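Dear colleague,

I am handing over the structure below, and my notes on what was found in it follow directly after. Please read them with the coordinates open beside you.

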Amino acid sequence: AMPMAPQQTMMGMPPAAPAPVPVPAPAAAPAPVMPMILSSPQAAAAAASPTITAFDKAGLQINMEICKPNPSDLTQSKITCRFNNQTSAAMDSLVFQAAVPKYLKLEMLPPSSTTVPAQSQGAVTQEIKLTNSMQGQKNIQLKLKISYKQGGAAVDEVTQVSSFPPLY
């Protein structure tokens, strides 16, 4: 019966774990679980990019859709900003700036337009590319400066955005 028992264990082992590690099985168990935890936000990001409302005041709403453009480099994020104008007057001379903490690297592309048409949803977009050197430790934070003119009046706003989902 003695030689039979190790054989049964060996036969039962290969599907669960590699055969040469019967003893540290508990230590090896967390390893396969880890990649699943890390890959599920990535998989979720690929399926549906989370969108947050970064700014909503005086009829101007800015929604930010965040995604991971490169699955092999999770430090990179792409944010697509969509500008909505919920008023009956166009917003022109739009200037949209973002500042980030030192652990983030920021690249802003020019906006698709500097005029947000009246009663428009996402007619103007602007892309932000970020690299997070503290990926997994610190979340994305942006300080936004928004200025535009509406009906001849200048509007200047500053806001902080830190409601991005973790692991972005």
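Cys 67 counts as buried because its relative accessibility is 16%, and the cut-off for that class is under 20%. Cys 81 is likewise counted as buried, in this case at 0% relative accessibility. As for disulfides, a search of the whole structure finds zero. Please bear in mind throughout that this is a predicted model.

On aromatic residues, the search of the whole structure returns one aromatic pair. The partners are Phe 83 and Phe 96, arranged edge-to-face, with 5.1 Å from centre to centre and 90° between the planes. This pair links distant parts of the chain, since Phe 83 belongs to strand S3 (residues 76-85) and Phe 96 to strand S4 (residues 92-99), the two being 13 residues apart. Phe 83 is buried, its relative accessible area being 0%, and Phe 96 is buried as well, with a value of 6%.

The remaining notes concern Val 161, which lies in strand S8, a strand that covers residues 153-161. Val 161 counts as buried because its relative accessibility is 2%. If residues up to four places away in sequence are left aside, Val 161 touches Ile 52, Ala 54, Ile 140, Gln 141, Leu 142 and Leu 144. Between Val 161 and Thr 53 the C-alpha to C-alpha distance is 9.0 Å, although 108 residues separate them in sequence.

Terms used. Residues numbered from 1 in each chain as written. Predicted model: local features only at pLDDT ≥ 70, side-chain atom pairs only at ≥ 80, totals over all residues. Heavy atoms only, no water. Disulfide = S-S within 2.5 Å. Buried < 20%, exposed > 50% of the residue type's maximum accessible area, 1.4 Å probe, protein only. Helix = DSSP H or I, 4+ residues; strand = E, 2+ residues; numbered from the N terminus. Contact = heavy atoms within 4.5 Å. Phe/Tyr/Trp six-rings, centres within 6.5 Å; stacked < 30°, edge-to-face > 60°.
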